[in-house]
Amino acid sequence: MAHQSARRTEPQGEHVLPFTDHREPLLSLADISLARNGHSVLDRVSFDLGRGETLGLVGESGAGKSTIALVAMGLLRPPAVTLEGRMQFAEHENLLVESEAGWATLRGRRIAMIFQDPASALNPCFTVGRQLESPLRRLLGFDRAAARRRSIELLESAGLNDAEARLAAFPHELSGGMQQRVMIAIALACNPELLLADEPTSALDVTIQAQIMQLILSQVRARDASCIFVLHDLALASQVCDRIVVLYAGQVVEAGPTESVLRRSLHPYTNALKSCVIELDTETLTPPEGGLPAVGAMPPGCRFAPRCPRASAQCASQTPPLRSLEGRDIACWHPG
Ligand SMILES: Nc1ncnc2c1ncn2[C@@H]1O[C@H](COP(=O)(O)OP(=O)(O)OP(=O)(O)O)[C@@H](O)[C@H]1O
Ligand code: SF4
Ligand SMILES: [Mg+2]
């Protein structure tokens, strides 16, 4: 399959370049739409993730970033939500129709997740050792002694000192940074092909955020795994992600290689996000005015139109399709 979104439209007469077709896709989301209680949360979300790539999902609070991560982890499924589209993963043609038994062979083993808040993601009633050894025994068939040895190795590679003694600790006996290192060790225990990291450092002290990001990156690269980072911080995304997907109100508005999307963004919303980051060569902070439209009250046409300085009559009535332009995907009637 070509490393491109299935529904991309290419207007006649426009100079269209495909973006980053050099890596075989591991994960391919095509027209994923998700609704809760009849209200659209994701609308035709499409992007590919290559093998060995790191991809950043960015956008303001409520854009749908965590929802995408939960769908990719198989944790948000009907009947809790309605879900349409196709999610191809490795040899699986469409994980949206995968059975729970099928997901049980993937989740935690081939697809793993690091959550934002390790204190709530770890089970407070079980020791670190039990939470680490359990997936090794259940998913990989390790016996007790082998699982214990491997757990110690995993904690050491996650940067926890005195790893053997930590096995007997309960989560509340560890600091936030140590808990997140345990979470990383658990997520990587089965050498997943895909790691989802949802704001993995935002619950942590700023002094250890860089260490944890570095740890995740080095562990992912050592395994040649692919990673989706959910990030608020565009500057951080520019440092760690090969490609960026910008989400607005449940839709992909711009996606492509990090360098081109952030250095020369074409979508007014990406520009607005950039203007909030001093490090990206902007002189003043000019955050976009207003907020996301409420779920269930999306405006017609372009969802960003009520906040967009470039909005035209066409924008207010017609939804811009996601199309290829200058080596990226973009959904805007007046890019540039
Ligand atoms: N459990 C839930 N029940 C109802 N609506 C929800 C639930 N979780 C998320 N939503 C809604 O779905 C939309 C997308 O939420 P999501 O958590 O995916 O956003 P996000 O981009 O991850 O935001 P943040 O940056 O704040 O984490 C939001 O409008 C949110 O209010
Ligand atoms: S389609 Fe129109 S309103 Fe939407 S981002 Fe582009 S210029 Fe702005
Ligand atoms: Mg979130």
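Which element supplies the largest share of the lining of the largest pocket? In this predicted model, that element is α4, which contributes six residues. The pocket itself has a volume of about 500 Å³, and 20 residues line it. Nearest to its centre lie Gly-108, Pro-135, Arg-138, Met-183 and Ile-186. The elements giving two or more residues to this lining are β5, α4 (128–140) and α7 (176–188). By class, the lining of the largest pocket comprises 13 nonpolar, four polar and three charged residues.

The second largest pocket has a volume of about 320 Å³. Its lining consists of 17 residues, and those nearest the centre are Thr-201, Gln-209, Met-213, Asp-233 and Leu-236. Two helices, α8 (206–222) and α9 (234–240), each supply at least two residues of this lining. Of the elements, α8 gives the most, with five residues. The lining of the second largest pocket divides into eight nonpolar, six polar and three charged residues.

A search of the whole structure finds three cavities of 30 Å³ or more. The largest cavity has a volume of about 90 Å³. Of the 13 residues that line the largest cavity, Pro-268, Cys-302, Cys-308, Cys-315 and Cys-332 are the closest to its centre. The lining of this cavity includes ten nonpolar, two polar and one charged residues.

Val-71, Gly-74, Leu-76, Arg-77, Leu-83, Met-87, Leu-95, Leu-96 and Trp-103 form its lining. By class, these residues divide into seven nonpolar, one polar and one charged.

The sheet may be considered next. Eight strands form an open sheet of mixed pairing, in the order β5-β6-β7-β3-β8-β9-β11-β10. The edge strands are β5 (111–114) and β10 (323–325), each of which pairs on one side only. From one strand to the next, the twist averages 20°. The edge strand β5 is also one of the elements that give two or more residues to the lining of the largest pocket.

In which sense, parallel or antiparallel, do strands β3 and β7 pair? Strand β3 (residues 54–58) pairs with strand β7 (residues 226–230) in the parallel sense, over four bridges. Within this pairing, Leu-57 stands opposite Val-230 in β7.

In review, α4 makes the largest contribution to the lining of the largest pocket, whereas α8 gives the most to that of the second largest pocket.

Methods: Residues are numbered from 1 along each chain as its sequence is written. Chains are lettered from A and ligands numbered from 1 in the order in which they are written. This is a predicted model: local features need pLDDT of at least 70, side-chain atom pairs count only at pLDDT 80 or more; totals for chains, interfaces and linings use all residues. Side-chain values use heavy atoms; hydrogens and water are left out. On a 1 Å grid over the protein atoms alone, a cavity is a set of points where a 1.4 Å probe fits but cannot get out, and a pocket is an open set with protein on both sides within 12 Å along at least five of seven lines; lining residues have an atom within 4 Å of a point. Grid points are joined across faces, edges and corners, and a volume is the space filled by probe spheres set on the points. Ala, Val, Leu, Ile, Met, Phe, Trp, Tyr, Cys and Pro count as nonpolar, Asp, Glu, Lys and Arg as charged, and the others, Gly among them, as polar. Two strands pair if DSSP finds at least two bridges between them. Axes are lines fitted to C-alpha atoms, for helices over the stretch in contact, and angles run from 0 to 180 degrees between N-to-C directions.
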